[in-house]
Amino acid sequence: MTTDSVLSLLQQEAEAVRNIPVTSGYQETIDLIIEHVHHKKGKLIISGMGKAGQIAMNIATTFSSTGTPAFFLHPSEAQHGDLGIIQENDIMLLISNSGKTRELVELVELTKGLVPEMSFIVITGNPESPLAAKATVCLPTGNPPEVCPLGLTPTTSTTVMTVIGDILVVNTMKQIGFNNKDYAKRHHGGYLGSKSRRQCENE
């Protein structure tokens, strides 16, 4: 591996982030999350399969730690009883690069059987996909090519998914006025917990 190889990969990943489409869907998504979670006291339920599911778990925990209760729902386990976590006033965020993930498409239909009026936010590389067609709001990733030499392993696609999740988390924090004291209440241990408490003391 050469320095040029590393720089090339960094360039490709950075370019993919710069090319994420910026649409009104971001504000629509944040408005929906605030309405359902902070006003109606529902939950943000996030789901994805495979590598996208791992990104979904990360986004869920980041939302929860910053004042917006969120849960990861495994789409396969949902078909074996975990669907019971879904309640009225919840909102769902589904992540799929292809937008064709069978388990997620089925999850939409199963969810509608419980909560017909459920709103769905979809992050996908394919805004013309079956999953995107079922979305209340679709956030396209720009569908960047994977840096994987085979063009198969989720690499660049998961990078842009993570960035989109960060955009949603940070802007939701800003709109709900989440502050150092709020952060400290949710982080009692570790470096971040002590840092947030020190910041509160200095305010």
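This is a predicted model: local features need pLDDT of at least 70, side-chain atom pairs count only at pLDDT 80 or more; totals for chains, interfaces and linings use all residues.
Numbering runs from 1 along each chain as its sequence is written, and side-chain values use heavy atoms, with hydrogens and water left out.

Okay, so how many salt bridges does the structure hold? Six, where a salt bridge means a side-chain nitrogen of Lys or Arg within 4 Å of a carboxyl oxygen of Asp or Glu.

Let's take Lys134 and Glu109, whose side chains meet at 2.7 Å, N to O. This pair ties together distant parts of the chain, 25 residues apart: Lys134 sits in the loop between α6 (130–133) and β5 (137–140), and Glu109 is in helix α5 (residues 102–114). Helices here are DSSP runs of H or I, at least four residues, and strands are runs of E, at least two, numbered from the N terminus. Lys134 has 27% relative accessible area and Glu109 has 40%, so both are partly exposed, with buried meaning under 20%, exposed over 50%, and partly exposed in between (1.4 Å probe, protein chains only).

Next up, Arg102 and Glu103. Their closest N and O atoms are 3.2 Å apart, and Glu103 is buried, at 15%. Arg102 and Glu103 also join Glu106 in a salt-bridge network.

Last one: Glu35 pairs with Lys40 at 3.2 Å, N to O. Glu35 is partly exposed at 31%, and Lys40 is partly exposed too, at 37%.
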